[in-house]
Amino acid sequence: MNPADQSRNAQLPKLSKAAQQVAETVASWDGVSAMGRISPWRVGHEHDIDGIGFYVGQKELGHIHLDSSAHVMLLSPALNLIVEAGFAHRSEWTADQVVIVIEDFATANWATWLLELSYCQGPKTSARDVAAAIDLYSERNPK
């Protein structure tokens, strides 16, 4: 969803402690805008805030819903490797997202890392770069 379609003036919703930690970390990154996210899918609730979206300009990095599910936008090579490594599952709604439920501080770390990958990746990010990042993360944060 385009940031212009979001509710810029709405107060950001409170999330669970672990999801809130992710939101505060991502919102602190250079150039990131965090704003209340309005779900385009909730008929009859088109003005209700259902989470927090994170953007760099017009590019959405991802969003966290009130139920603590984080949806992270990734390019295909990264997305496929992340799913294969078991860090998240593919979104049932769109092909460019992975989903992770932030249940505790361990999954909050994974979600933050996935959002950081979205933040850092560009069109020239190679599968080899992503695989190396997964290996490094896995070494530092065993499941």
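The following questions and answers examine how terms are applied to this predicted model.

Q: What makes up the secondary structure of the protein, and in which order do the elements run?
A: The secondary structure consists of four helices and six strands. From the N terminus on, the order is α-β-β-β-β-α-β-β-α-α.

Q: Why is H71 called buried?
A: Buried means under 20% relative accessible area. H71 has a relative accessible area of 10%, and therefore H71 is buried. Across the protein, buried residues make up 44% of the 143 residues.

Q: What makes β4 a largely enclosed strand?
A: Strand β4 comprises residues 69-73, and H71 lies in it. Five of the five residues of β4 are buried, so the strand is largely enclosed by the rest of the structure.

Q: Which residues point one way from β4, and which the other way?
A: S69, H71 and M73 point one way, whereas A70 and V72 point the other way. In a regular strand the side chains alternate between the two faces of the sheet. In β4, the residues pointing either way are all buried.

Q: How do you know that β4 and β6 pair, and in which sense?
A: Strands pair if at least two bridges are found between them. β4 and β6 have five bridges, so they meet this condition, and the sense is antiparallel. Within this pairing, the partner of H71 in β6 is V99, and the partner of M73 is Q97.

Q: What makes β3 and β4 a pair, and how many residues lie between them?
A: Three bridges join strand β3 (residues 59-65) to β4, and the two run antiparallel. At least two bridges are required, so β3 and β4 count as paired. I64 stands opposite A70 in β4. The two strands form a hairpin with three residues between them, and S68 in the turn has a positive phi of about 75°.

Q: How do you know that β5 pairs with β6?
A: Two bridges join strand β5 (residues 89-90) to β6, and these strands run antiparallel. The bridge partner of H89 in β6 is V99. β5 and β6 form a hairpin with six residues between them.

Q: Why is β6 described as largely enclosed?
A: Four of the five residues of β6 (residues 97-101) are buried, so the strand is largely enclosed by the rest of the structure.

Q: What makes the approach of H71 to Q97 a polar contact?
A: A polar contact requires a pair of N or O atoms within 3.5 Å, one able to donate a hydrogen and the other to accept it. The side chains of H71 and Q97 make such a contact at 3.0 Å. The side chain of H71 also makes a polar contact with the side chain of S69, at 3.5 Å. Not counting residues up to four places away in sequence, H71 touches G62, H63, H65, Q97, V98 and V99.

Q: How is the packing of α2 against α4 described?
A: Two packed helices are described by the angle between their axes and the distance between the axes. The axes of α2 (residues 76-85) and α4 (residues 127-140) come within 9 Å and cross at roughly 35°. The crossing is right-handed.

Q: Which residues of α2 and α4 meet, and what are they by class?
A: P77, A78, L81, I82 and A85 in α2 meet A127, V130, A131 and I134 in α4. By class, this contact has nine nonpolar, no polar and no charged residues.

Terms used. Residues numbered from 1 in each chain as written. Predicted model: local features only at pLDDT ≥ 70, side-chain atom pairs only at ≥ 80, totals over all residues. Heavy atoms only, no water. Buried < 20%, exposed > 50% of the residue type's maximum accessible area, 1.4 Å probe, protein only. Contact = heavy atoms within 4.5 Å. Axes fitted to C-alpha atoms, helices over the stretch in contact; angles between N-to-C directions. Left-handed = near helix turned anticlockwise from the far one by under 90°. Nonpolar A, V, L, I, M, F, W, Y, C, P; charged D, E, K, R; others polar.
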